[in-house]
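This report covers fold, overall dimensions and the nonpolar core. The sequence and structure come first.

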Amino acid sequence: MADPAPVLDPSVRAALEKLADIAAPPPVSLMPQTWGWAVLASIVLALAAWGLLRWHRHREANRYRVEALAELARIEQAMIHGGAPGAALIQIPSLLKRVALAAWPRPRVASLAQKPWADFVGSAEGEAALPAPLAVLLNDAEYRSAKDLAAVSADDALACARIAKRWIEAHRVSA
């Protein structure tokens with residue numbers, strides 16, 4: 001059986017009927033209440049946009065390095081797995097020339113060949129001269145016969161590739 005409803009005193013019943021729900025305050029606005037916060041938000045947004053723009057420009061300016069390093073990695077794989085490191089080695093000088101043409105003004109780089117070219121590559125890295133294996137390769141690789149290139153050991157070819165990789169990563173473009 002259900003419990004009968006309790007009988008309330010009429011004065012208690014009158015008091016309960018006069019009660020109202022709790023009044024909740026209005027929600028707090030998340031919008032800044034003073035103009036100082038708006039100025040600060042504008043400054044932060046401007047700095048973020050400026051930083052993003054600088055990052056994008058830097059990334060675009062160095063995209064040629066990323067592409068050159070990817071091509072150099074393919075050349076290294078051909079040296080390791082292709083069986084003829086000399087045939088892959090001959091691609092490094094033209095890759096370095098393309099990198100230089102992407103980074104420096106064409107009139108300054110395009111006409112360089114042999115020793116002046118090797119000296120330029122060495123000076124762009126900040127060193128007085130390139131290590132011997134790459135300097136010799138840049139000097140006369142295109143004039144070597146296929147027989148001479150076939151005689152290049154895999155270790156020498158990979159040493160040239162490592163030096164070229166270091167140059168691509170570290171060269172600095174001077175005005």
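## Fold

Read along the sequence, the pattern is α-α-α-α-α-α-α-α-α-α. The protein has ten helices and zero strands (DSSP runs numbered from the N terminus, H or I of at least four residues for helices and E of at least two for strands).

This is a predicted model, in which local features need pLDDT of at least 70 and side-chain atom pairs count only at pLDDT 80 or more, while totals for chains, interfaces and linings use all residues. Residues are numbered from 1 along each chain as its sequence is written, and side-chain values use heavy atoms, with hydrogens and water left out.

## Dimensions and burial

The radius of gyration of the protein is 37 Å, whereas a compact globule of 175 residues would have one near 16 Å (taken over C-alpha atoms; the globule rule is 2.2 Å times the number of residues to the power 0.38). The C-alpha trace spans about 115 × 55 × 20 Å along its principal axes.

Of the 175 residues, 27% count as buried (under 20% relative accessible area, with a 1.4 Å probe and protein chains only).

## Nonpolar core

The largest nonpolar core has 33 residues, and Met 79, Ile 92, Leu 96 and Trp 117 have the most contacts inside it. Such a core is a set of buried Ala, Val, Leu, Ile, Met, Phe, Trp, Tyr and Cys residues joined through side-chain atoms within 4.5 Å. Elements giving two or more residues to this core include helix H3 (63–81), helix H5 (91–103) and helix H10 (154–170). H10 gives the most, with eight residues.

Leaving aside residues up to four places away in sequence, Leu 96 touches Trp 117, Leu 134, Leu 138, Ala 164, Trp 167 and Ile 168 (contact means heavy atoms within 4.5 Å).

Conventions: Buried means under 20% relative accessible area, exposed over 50%, partly exposed in between (1.4 Å probe, protein chains only).
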